[in-house]
Amino acid sequence: MHSEDPFDLPAMDEALAGTPFAEKLRFLPTIDSTNTLTMREAEAGAPEGLVCFADEQTAGRGRGAHSWQSPPGSGLYASVLLRPRVAPADVLWLSLAAGLAVREAIREVASLEADLRWPNDLLLGPKKFCGILTELSAEVTRVRHLVVGIGINVHQERFPEELARQATSLYIETGKHWPRQELLVALLKSLYRETSALESANLGQATQSILSRLERSSTWIRGKRVYVEGIEGCEGVTEGLDSRGFLLIRTADGLRTVYSGGVREEKSNSNR
Ligand code: BTN
């Protein structure tokens with residue numbers, strides 16, 4: 001653990017001036033889950049742009065039934081409340097854009113080119129250092145709110161044995177302790193650019209831009225032999241994204257669209 005990595009909220013507000021996040025930062029020394037808190041605040045009427053972030057989570061949640069290990073002083077654990085003017089059918093674009101936003105922030109701050117694994121895991125080499133949990137409250141035709149929860153392994157020097165084969169941190173990859181504040185400010189600015197583009201009049205142009213940037217920044221989207229965990233379980237070779245942003249996999253039975261589940265690399269004779 002790296003003990004000295006504090007947040008200076010007034011400086012963050014100043015750096016975020018002109019975005020919906022300025023003056024809406026809420027830091028918690030410890031909390032069960034910043035996503036749970038932010039969803040609750042959203043239902044109680046909190047404004048768009050609320051950002052809840054914590055030094056420690058005692059019950060951090062991941063996609064599916066996974067948990068997210070969130071020891072104190074080690075990672076960035078942040079949840080952002082959005083009330084986007086998009087249709088529920090277009091929410092996947094926001095989730096994909098969040099991955100691109102974090103990728104850009106990591107590039108700006110740490111000069112690292114992360115690999116994106118659909119829908120929005122960030123990896124360095126074969127190991128994951130960032131996960132995003134996007135939760136939605138919607139009617140069929142109206143998005144009430146969306147919470148984008150981002151977990152980044154920043155200062156960890158090692159991981160418990162059960163995670164060590166698949167998890168890494170910015171410190172492990174670079175030998176440097178990147179400030180969480182700088183990462184959070186960069187990613188919020190980048191997220192604002194992405195969400196503004198998706199809410200603009202030209203949704204088609206914004207989604208095309210997301211598709212082409214994903215093609216450029218992910219080794220997973222095309223030509224990777226993968227299997228899908230969970231009820232959708234299938235295996236095959238990735239064949240790009242469809243026009244709604246879902247992953248396509250060429251299987252022995254034909255082309256399959258992946259709607260959920262974790263995508264993992266299929267290595268012959270490997271332990272899953
Ligand atoms: C995943 O890859 O499974 C998603 C992990 C998301 C973790 C973040 S940490 C901040 C926010 N609060 C949570 O409980 N989860 C997300």
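Here are some notes on this predicted model, from overall build to single residues.

1. Ground rules. Residues are numbered from 1 along each chain as its sequence is written, and side-chain values use heavy atoms, with hydrogens and water left out. Because the model is predicted, local features need pLDDT of at least 70 and side-chain atom pairs count only at pLDDT 80 or more, while totals for chains, interfaces and linings use all residues.

2. Overall build. The protein chain holds 7 helices and 12 strands; these are DSSP runs numbered from the N terminus, helices being H or I of at least four residues and strands E of at least two. Its C-alpha atoms fill a box of roughly 55 × 45 × 30 Å along the principal axes.

3. Two domains. The chain divides into domain 1 (9-217) and domain 2 (222-265), with bounds from an automatic or database domain assignment. Their centres, taken over C-alpha atoms, are 24 Å apart. The contact (heavy atoms within 4.5 Å) takes 11 residues from domain 1 and 15 residues from domain 2.

4. Buried area. Between them the domains bury about 990 Å², with 55% of it on carbon and sulfur atoms. Buried area here is the accessible area (1.4 Å probe) that two parts lose on being put together, summed over both. On the domain 1 side, Arg117, Trp118 and Glu215 supply 51% of the area buried against domain 2, more than any other three residues.

5. The rule finds 1 salt bridge between the domains, a salt bridge being a side-chain nitrogen of Lys or Arg within 4 Å of a carboxyl oxygen of Asp or Glu. The side chains of Arg222 and Glu215 form a salt bridge at 2.8 Å, N to O. Helix 3 (91-110) and helix 7 (203-217) each give at least two residues to the side of domain 1 that touches domain 2. That side has 6 nonpolar, 1 polar and 4 charged residues; Ala, Val, Leu, Ile, Met, Phe, Trp, Tyr, Cys and Pro count as nonpolar, Asp, Glu, Lys and Arg as charged, and the others, Gly among them, as polar.

6. Salt bridges overall. The structure holds 17 of them. One of these joins Arg26 and Glu41, with the closest N and O atoms 3.6 Å apart. This pair links distant parts of the chain, with Arg26 in strand 1 and Glu41 in helix 2 (residues 34-43), 15 residues apart.

7. Backbone spots to look at. Trp118 and Pro119 are joined by a cis peptide bond, with omega about 0°. Pro119 sits in the loop between strand 4 (115-117) and strand 5 (121-124). Glu23 is not a glycine, yet has a positive phi of about 65°; Glu23 lies in the loop between helix 1 (9-15) and strand 1 (25-31).
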